[in-house]
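Keep the structure open beside you as you read.

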Amino acid sequence: MASHAPDIEILETQVSTATVAEAAAAHGVEPAQIAKTLSLRVGERVVLLVTAGDARLENAKAKAAFGGKAKMLDREEVEASTGHPVGGVCPFGLSSPLPVYCDESLRPFAVVIPAAGATNAALRIAPDRMAEITSAEWVDVCK
């Protein structure tokens, strides 16, 4: 973030923000405003999908958008693929480049709060800016 968005502050809390509910409570927002990052396998590739905290993946839409059935990675695969622990996964600072997608469920918010690589770190960012920084493609894959 220092090179792409030096104006954005990383927010560290004394409590865990690893779940949507914990993050919403810690940052004083509704769960929907938490931008959760899902690590998915589609065929042989791994992709990241950032959605509103209360959004649910719709399998048929995801299959159409990603060109195959999307399955969640297990804990070990998540950390190996992203470099972040489960509960701290975000589309920033990845250990290796991965395709990033932002779901339309983020669009209603002026600011969303994604994790920032640790289970107690996050940041506040406009959804369009997050998509721009991560070269994300916008998709509509949630209910």
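1. Let's begin just after helix H4, where Ser-135 takes a positive phi of about 55°. Helices here are DSSP runs of H or I with at least four residues, strands are runs of E with at least two, and both are numbered from the N terminus. Please bear in mind that this is a predicted model, in which local features need pLDDT of at least 70 and side-chain atom pairs count only at pLDDT 80 or more, while totals for chains, interfaces and linings use all residues. Residues are numbered from 1 along each chain as its sequence is written, and side-chain values use heavy atoms, leaving out hydrogens and water.

2. Thr-134 belongs to H4, which spans residues 127–134. Its relative accessible area is 12%, so Thr-134 is buried (buried is under 20%, exposed over 50% and partly exposed in between, with a 1.4 Å probe and protein chains only). The Thr-134 side chain reaches the backbone oxygen of Met-130 at 2.8 Å. Leaving aside neighbours within four places in sequence, Thr-134 is in contact (heavy atoms within 4.5 Å) with Pro-91, Phe-92 and Val-100.

3. Which residues of H4 are buried? They are Pro-127, Met-130, Ala-131, Ile-133 and Thr-134. These residues lie on the same side of H4, because they cover an arc of only 165° around the axis (the arc of the directions from the helix axis to the C-beta atoms). Among the elements they pack against are strand E2 (34–42), strand E3 (45–52) and strand E5 (100–103).

4. Now look at helix H3 (residues 75–82), where Val-78, Ser-81 and Thr-82 are buried. Seen down the axis, the buried residues of H3 fall within an arc of 80°, so they line one face of the helix. Glu-76 and Ala-80 are exposed on the face turned away from that buried side. E2 and E3 are included in what covers the buried residues of H3. Just after H3, Gly-83 takes a positive phi of about 85°.

5. Finally, the largest nonpolar core has 37 residues, of which Leu-49, Phe-66, Leu-106, Ile-125 and Met-130 touch the most other members. Such a core is a set of buried Ala, Val, Leu, Ile, Met, Phe, Trp, Tyr and Cys residues joined through side-chain atoms within 4.5 Å. E3 gives the largest share of this core, six residues. Apart from it lies another core, of six residues, including Ala-24 and Ile-113.

How values were computed:
Polar contact = N/O pair within 3.5 Å; in protein donor to acceptor, adjacent residues only side chain to side chain.
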